[in-house]
Amino acid sequence: MSSNDYQFDIDVDTRFLDDQSAPEDDRYVFAYHITIQNRSPETVTLRRRYWEITDAHGRLRTVEGTGVVGEQPCLAPGEIFEYSSSAILDAPWGKMSGRYLFEHSPMAAKCGHPSLPSRSKPNLPCNNLKK
């Protein structure tokens with residue numbers, strides 16, 4: 001099976017955390033909840049993540065590491081894994097994008113996820129993305 005045979009549904013919900021933010025200190029906290037479903041015919045393990053976080057000022061921060069939220073979930077065909085986390089920006093809006101590395105021995109598959117728009121103002125559009 002080639003890495004192109006792996007398929008995943010990734011849904012992302014984001015929200016601004018007003019109670020944890022301090023705009024007067026340029027601190028804007030955003031929560032995100034991600035749902036990953038393995039649509040592949042094989043069991044896979046999420047091994048790594050890579051994020052690029054860009055704030056409204058154009059500052060780019062890269063986050064990468066093993067698994068997600070301290071886990072390396074193993075997903076059988078059709079299985080779903082969900083997790084929540086957060087990001088702190090120095091501006092009232094920004095975006096996050098990146099990818100996951102899934103592995104099925106002896107191959108690995110990279111799976112991008114949709115960008116996560118983040119806005120602190122409730123009257124500005126922030127669409128939930130589905131891929």
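Author: The accessible surface of the protein chain comes to about 7,400 Å², and 45% of that area belongs to carbon and sulfur atoms. Of the 131 residues, 37% count as buried. The model is predicted, with an average pLDDT of 83 for the protein chain and a score of at least 70 for 76% of the residues. Over residues 120-131 the pLDDT stays under 50, although the model has 27 contacts beyond four places in sequence for this stretch.

The secondary structure consists of nine strands and zero helices. Read from the N terminus, the order of elements is β-β-β-β-β-β-β-β-β. Among contacts between residues at least 6 apart in sequence, 65% join residues at least 24 apart.

Now to the salt bridges. Side chains of opposite charge can pair when their charged atoms come close. A search of the whole structure finds three such bridges.

One of them joins the side chains of Asp9 and Arg39, with an N to O distance of 2.7 Å. This pair links distant parts of the chain, since Asp9 lies in strand S1 and Arg39 in the loop between S2 and S3, 30 residues apart. Asp9 is partly exposed, at a relative accessible area of 26%. Arg39 is also partly exposed, at 47%.

Another is formed by Glu103 and Arg47, whose closest N and O atoms are 2.9 Å apart. Glu103 is partly exposed at 34% relative accessibility, and Arg47 is partly exposed at 31%.

The remaining bridge has the side chains of Asp55 and Arg59 meeting at 3.1 Å, N to O. Its two partners fall in different classes of burial, because residues under 20% relative accessible area count as buried and those over 50% as exposed, with partly exposed in between. Asp55, with a relative accessible area of 7%, is buried. Arg59, at 45%, is partly exposed.

Ser40 is buried, with a relative accessible area of 3%, whereas Arg39 is partly exposed at 47%. The side chain of Ser40 reaches the backbone nitrogen of Gln7 at 2.7 Å.

At 3% relative accessibility, Val12 counts as buried. The C-alpha atoms of Val12 and Tyr32 are separated by 6.9 Å, though the two residues are 20 apart along the chain.

Two other loops carry a backbone feature worth noting. Most residues other than glycine have a negative phi. Asp26, in the loop between strand S1 (8-16) and S2, has a positive phi near 55°. Asp26 is partly exposed, with a relative accessible area of 44%. Val69 is not a glycine either, and its phi is positive at about 40°. Val69 is found in the loop between strand S4 (60-66) and strand S5 (74-75), and is partly exposed at a relative accessible area of 44%.

Conventions:
Residues numbered from 1 in each chain as written. Predicted model: local features only at pLDDT ≥ 70, side-chain atom pairs only at ≥ 80, totals over all residues. Heavy atoms only, no water. Buried < 20%, exposed > 50% of the residue type's maximum accessible area, 1.4 Å probe, protein only. Polar contact = N/O pair within 3.5 Å; in protein donor to acceptor, adjacent residues only side chain to side chain. Helix = DSSP H or I, 4+ residues; strand = E, 2+ residues; numbered from the N terminus. Contact = heavy atoms within 4.5 Å. Areas by Shrake-Rupley, 256 points an atom, 1.4 Å probe, with all protein chains shown as cover. pLDDT = per-residue confidence, 0-100. Salt bridge = Lys/Arg side-chain N within 4 Å of Asp/Glu carboxyl O.
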